[in-house]
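Colleague: Could you walk me through this one before I set anything up?

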Amino acid sequence: MFAAESYTSRHYIAIIAMACLCVLLGGPSCAAGAESLIIAGATYCEPGASGPGWAWTDADHLELNGYAGEAIGADGDLVLTLAGQNSVTESHAPDADITLCGMEVWGSLTLRGTGTLTATGSQCGIHVSQALVVDGCTVDARADGADISDEAVAGVIAGDMAVRGGGRVVAAGAGSGAGVSAYGVYLQDAGLGDGAAGRRLSVDASWLDATGADGGVACLGGSLVSARFVTPAGGAFGAGGVMDAAGAVAPHVVIEPEGATAPAGETDGRDVSGDSADKSPAHANPAAEEPTTGPTANPALKPAAATTKTTTTATKTTVAKTTKPKTATTTTATLPKTGDSNWITASVTLFLLGTVLLAAACRC
């Protein structure tokens, strides 16, 4: 009786061990990241590629150092590290995958590093379907609205946006086509999924200068931490974007860190209480001239002259931005991604354990 029970329980143990091994081997084995990358007119299906001024080091990591060329696109989440001055420009080739913006990411994008990025396009300088984070670097994103009609045009179009770590962002949108609405930053909820917080702006001890005839910043709300509105005077987040003291959507929005020296003649910036007791050190004031359209290592953030435009609402809620990187046409072996080593180690361990248990059971 005891021998039979022992034999049965050993087999149960072996079966359970092998089942765990099968589940583990069939589970996820790669980290999230871009499935493909479009850069300088070429499509890449796996990391390890590089070219003048760029290197795709891992599925979710791209490095730019002195890159100046055609648009960059990614199908999936991407972290972009900047060094030196970089620029991306909309490609006008008729068969290009990206035709309306300088940078297009179908996922979330984080921009970081000590360098700068200038992105220009007709509908948007930077388009991100989900969340955009600018962490400590300098970004100049502009859209001129050329040949665009019945659409929103903006320097930045994203699901939501955060500027932190002393980051500096200049965003401007313009356009004269029929039905065009122009914004500096246009935040939409497309692509974020059900129940996800979208169309919100967060600025933490950083700079933002956003200009558009129909709204400097179009969003549902936001927050400032260790930062304040310089323009508009008495600004506040409203249902349609940043509102001026009269309740109209402000066509020019300037946010700077608390303690930064205000531009000459600007003394009515509204201090905004943050949700953190820590205050960052005061930052030097940006250059005193108006931003230019070319690359710059220090986009200026001086408020523009007062405007008489009194647009009261941001009527667009979605952007028909349908351009998406094409599915890669070549099949290549995928390189190991972050996190694979842990799965491999665990899988080998369980396999050896299962083999030992099966051998022990068979001897019985």
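Predicted model: local features only at pLDDT ≥ 70, side-chain atom pairs only at ≥ 80, totals over all residues.

Colleague: Which strands make up the open sheet, and in what order?

Modeller: The order is β2-β1-β7-β10-β13-β16-β19-β22, eight strands with mixed pairing; strands here are DSSP runs of E with at least two residues, numbered from the N terminus, and two of them pair if DSSP finds at least two bridges between them. The edge strands, each pairing on one side only, are β2 (42-44) and β22 (217-218).

Colleague: And is β16 buried or exposed?

Modeller: Seven of the seven residues of β16 (residues 152-158) are buried, so the strand is largely enclosed by the rest of the structure; buried means under 20% relative accessible area, against over 50% for exposed and in between for partly exposed, with a 1.4 Å probe and protein chains only.

Colleague: What does β16 pair with?

Modeller: Strand β13 (residues 124-128) runs parallel to β16 and is joined to it by three bridges, with His 127 opposite Ile 157. Strand β19 (residues 181-187) also pairs with β16 in the parallel sense, over six bridges, and there Val 156 has Val 185 as its bridge partner.

Colleague: Switching to β21, how many of its residues are buried?

Modeller: Five of the six residues of β21 (residues 207-212) are buried, so β21 is largely enclosed by the rest of the structure. Its pairing with strand β18 (residues 168-173) is parallel, over six bridges, and includes Ala 172 with Thr 211 as bridge partner, whereas strand β27 (residues 252-257) runs antiparallel to β21 and is joined to it by four bridges, with Ala 210 opposite Val 253.

Colleague: How many aromatic pairs turn up in the whole structure?

Modeller: The search finds three, where rings of Phe, Tyr and Trp (its six-membered ring) pair if their centres lie within 6.5 Å, and planes under 30 degrees apart count as stacked, over 60 as edge-to-face and the rest as tilted. One of them is Tyr 183 with Tyr 186, whose ring centres are 4.9 Å apart and whose planes are at 50°, so the pair is tilted; both residues are buried.

Colleague: Which charged end sits over the ring of Trp 207?

Modeller: That of Arg 168, 3.8 Å from the ring centre; the criterion is NZ of Lys or CZ of Arg within 6 Å of the ring centre and within 35 degrees of the ring normal.

Notes: Residues numbered from 1 in each chain as written. Heavy atoms only, no water.
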